[in-house]
Amino acid sequence: FLPKPDLTIFLKASSSVSQEMVSRKGARSYTDMVLDVNESNKIYLDEVNKVYDYIYDREGFGQKWAKIEVSTRGELRQPSEIAKDAAQYVRNMFTE
């Protein structure tokens, strides 16, 4: 068995932001499409988001989770801002 993680960081992104981020990626070896079959399905992405929200809302089923919104009003935040938030969660683990 794998050890339980000290912290799971959930990078929350809407389906439209997720699709935008994937479309910026370079070519991939397993598909010629910009978005693969799952990435192109907004309904599927919305359902996956609901599952992760469900887990987060139940406090990670006994594990420590942190949620970081990667967008503000539909616009992707700067990676440095997201990293700063993640680092703060990690620092907080050692001061609690």
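Read along the sequence, the chain follows the pattern β-α-α-α-β-β-β-α, with 4 helices and 4 strands in all; helices (H or I, at least four residues) and strands (E, at least two) are DSSP runs, numbered from the N terminus. The model is a predicted one, in which local features need pLDDT of at least 70 and side-chain atom pairs count only at pLDDT 80 or more, while totals for chains, interfaces and linings use all residues. Residues are numbered from 1 along each chain as its sequence is written, and side-chain values use heavy atoms, with hydrogens and water left out.

**The whole chain**

With the C-alpha trace displayed, the chain spans about 45 × 30 × 25 Å along its principal axes. Among contacts (heavy atoms within 4.5 Å) between residues at least 6 apart in sequence, 55% join residues at least 24 apart.

**The core**

Next, select A13, V17, I68, V70, I82 and A86, the 6 residues of the largest nonpolar core, a core being a set of buried Ala, Val, Leu, Ile, Met, Phe, Trp, Tyr and Cys residues joined through side-chain atoms within 4.5 Å. In soluble globular proteins, nonpolar side chains tend to be buried together. Centre the view on I68: leaving aside its neighbours within four places in sequence, I68 is in contact with I9, F10, L11, K12, R77, I82, D85, A86 and Y89.

Now select I9, L11, Y89, V90 and F94, which make a nonpolar surface patch of about 470 Å². The elements that give two or more residues to this patch are β1 (8–12) and α4 (79–95), and α4 gives the most, with 3 residues. Patches are made of residues with over 30% relative accessible area and no salt bridge, like charges being joined within 9 Å and nonpolar side chains (Val, Leu, Ile, Met, Phe, Trp, Tyr) within 5 Å. F94 lies in helix α4 and counts as exposed because its relative accessibility is 68%.

**Salt bridges**

A search of the whole structure finds 6 salt bridges, each defined as a side-chain nitrogen of Lys or Arg within 4 Å of a carboxyl oxygen of Asp or Glu. Start with D53 and K12, whose closest N and O atoms are 2.7 Å apart; this pair links distant parts of the chain, with D53 in helix α2 (residues 42–57) and K12 in strand β1, 41 residues apart. Both D53 and K12 are buried.

Move on to E47 and K50, whose side chains meet in a salt bridge (3.1 Å, N to O); both lie in helix α2, 3 residues apart, about one turn of the helix. E47 is partly exposed, with a relative accessible area of 40%.

Then select R77 and E81, which form a salt bridge at 3.5 Å, N to O. R77 is buried, at 15% relative accessible area, whereas E81 is partly exposed, at 39%. Salt bridges that share partners also join K12, D53 and K67 into one network.

**Last stop: R73**

Finish at R73, in the loop between β3 (71–72) and β4 (75–76). R73 has a positive phi of about 50 degrees although it is not a glycine. Most residues other than glycine have a negative phi. R73 counts as exposed because its relative accessibility is 80%.

Technical notes
Buried means under 20% relative accessible area, exposed over 50%, partly exposed in between (1.4 Å probe, protein chains only). Accessible areas come from the Shrake-Rupley method with a 1.4 Å probe; for residues, only the protein chains shown count as cover.
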